[in-house]
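Subject: Structure for your review

Dear colleague,

Please find below the structure I promised to hand over to you. I would be grateful if you would read the notes that follow with the structure open beside them.

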Amino acid sequence: MARTSIGITVPDLSGRRAVVTGASDGIGLGIATRLAVAGAEVVLPVRNPRKGESALATIRAAAPRAEVSLRALDLSDPGSVAELGATLRAEGRPIHLLINNAGVMTPPDRQSTAGGFELQFGTNHLGHFALAAHLLPLLSAGRARVTSQVSVAASRGAVNWDDVNWQRSYDGMKAYRQSKIALGLFGLELDRRSRAGGWGITSNLSHPGVAPTSLLAARPEVGRAKDTPQVRLIRALSARGILVGTVESAQLPALYAATSPDAARGCLYGPSGPGHLGGPPAEQKLYGPLRSAEDARRIWEVSQELTKVAFGTELRA
């Protein structure tokens with residue numbers, strides 16, 4: 001089957017500052033590149049400086065006049081998140097787009113972050129929660145749109161409220177689902193609280209479908225020495241244009257959610273093909289685990305307690 005080219009139009013983003021996590025490779029790098037081509041100033045917070053420099057070269061090759069720069073960030077380390085927040089606040093420039101894209105997936109054994117949290121929950125959710133809190137004055141000043149990248153995995157599962165850090169037992173996929181459900185609930189609650197508090201921020205969600213990214217590939221840093229059978233199958237299907245998407249098509253829902261004037265606050269955007277695994281981006285019905293406003297309020301309060309970062313305090317800073 002021939003692969004059909006799909007795409008979206010990203011509006012002119014001249015004069016706008018965008019922060020994209022997880023942009024040193026894969027989907028995040030593609031998102032950052034499209035933003036830069038559209039005229040945005042793009043900040044890439046990265047954990048690996050070598051990969052960051054390679055990403056800069058890729059973006060500058062596509063957009064030679066782009067203003068793009070690196071900042072240090074390890075989302076699994078609360079101190080690193082706080083330091084990036086302080087750095088960007090000291091620069092004093094409003095942020096107009098924040099795309100919470102970075103993530104880790106299914107370490108075979110339970111791992112902990114520098115803050116003592118289960119790695120997926122601490123990185124995928126708590127790291128982004130704290131980052132948004134630290135950046136809140138800049139997001140408010142830029143009347144920003146915040147787009148949080150969830151996953152088709154968030155369509156099932158639940159938050160393990162009695163053991164959110166999976167200390168009594170560990171199931172990698174259940175913990176991954178929880179991390180993405182928590183991030184989605186946070187993104188929706190952020191929009192509600194912005195409306196109620198007059199923060200000027202709009203927040204929505206995206207998911208990339210299924211594509212041959214590095215999430216399930218060999219990643220020694222999460223204890224995975226070789227590619228999983230799942231990612232090998234996804235690569236084969238993607239190369240043949242069967243069911244799943246490509247790295248390029250998987251970028252589009254977040255780009256649409258973050259930049260389109262037609263993308264609404266409090267909504268979810270993902271691929272519109274069969275099973276929502278690939279295809280052009282479109283609005284989708286919120287996944288069942290994301291529909292409870294009470295769960296969203298609860299995850300917000302739990303996250304504030306765990307991270308010791310309060311949005312109200314940051315807004316007044």
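In this predicted model, helix α6, residues 172–197, packs against helix α10, residues 293–307, at an angle of about 95°, and their axes lie 8 Å apart. An angle from 65 to 115 degrees counts as roughly perpendicular, and α6 and α10 are therefore roughly perpendicular to each other. On the α6 side, the contact is made by A182, L185, F186, E189, L190, R192 and R193. On the α10 side, A293, D295, A296, R297, I299 and W300 take part. Sorted by class, this contact has eight nonpolar and five charged residues, and no polar ones.

The protein chain has 317 residues, and buried residues make up 55% of them. Among contacts between residues at least 6 apart in sequence, 74% join residues at least 24 apart.

The next topic is the interior. In soluble globular proteins, nonpolar side chains tend to be buried together. The largest nonpolar core here has 30 residues, and the members that touch the most others are I31, L35, V42 and L44. Which elements give two or more residues to this core? They are the strands β1 (17–20), β2 (41–46) and β4 (97–100), together with the helices α1 (26–37), α2 (49–62) and α9 (252–259). Helix α1 provides the largest share of the core, six residues.

Not counting residues up to four places away in sequence, L35 touches L13, A18, V20, A40, V42, L97, I99, L255 and T259. Apart from this core lies another one, of 29 residues, which includes L75, F129, L136 and V146.

C267 is placed in the loop between α9 and β7, the latter being residues 268–271. Is C267 buried or exposed? The cut-off for a buried residue is under 20% relative accessible area, so C267, at 15% relative accessibility, counts as buried. Leaving aside neighbours within four places in sequence, C267 is in contact with N204, L205 and E283. The C-alpha atoms of C267 and L286 are separated by 7.1 Å, and these two residues are 19 residues apart along the chain.

Q284 is found in strand β8. With a relative accessible area of 9%, Q284 is buried. Its contacts, leaving aside neighbours within four places in sequence, are H207, L268, G270, P271, S272 and H276. For one of these, G270, the C-alpha atom is separated from that of Q284 by 6.6 Å, while the two residues are 14 residues apart along the chain.

The loop between β7 and β8 (281–284) holds G279. This glycine is buried as well, at a relative accessible area of 19%. From C-alpha to C-alpha, G279 and S249 are 6.8 Å apart in space, although they are 30 residues apart in sequence.

H276, mentioned above as a contact of Q284, also has its place in the loop between β7 and β8. Its relative accessible area is 35%, and H276 is therefore partly exposed. The phi angle of H276 is near 55°, a positive value in a residue other than glycine.

A positive phi is also found at K308, about 60°, although K308 is not a glycine. K308 lies in the loop between α10 and α11 (311–316). At 69% relative accessibility, K308 counts as exposed.

Finally, a word on confidence. The protein chain averages a pLDDT of 90, and 87% of the residues score at least 70. Where does pLDDT stay under 50? One such stretch is residues 1–5, for which the model has seven contacts beyond four places in sequence. Another is residues 313–317, with nine contacts beyond four places in sequence. Where pLDDT is low, the predicted coordinates should not be read in detail.

With kind regards

Note on methods:
Residues numbered from 1 in each chain as written. Predicted model: local features only at pLDDT ≥ 70, side-chain atom pairs only at ≥ 80, totals over all residues. Heavy atoms only, no water. Axes fitted to C-alpha atoms, helices over the stretch in contact; angles between N-to-C directions. Helix = DSSP H or I, 4+ residues; strand = E, 2+ residues; numbered from the N terminus. Parallel < 35°, antiparallel > 145°, perpendicular 65-115°, else oblique. Contact = heavy atoms within 4.5 Å. Nonpolar A, V, L, I, M, F, W, Y, C, P; charged D, E, K, R; others polar. Core = buried A, V, L, I, M, F, W, Y, C linked by side-chain atoms within 4.5 Å. Buried < 20%, exposed > 50% of the residue type's maximum accessible area, 1.4 Å probe, protein only. pLDDT = per-residue confidence, 0-100.
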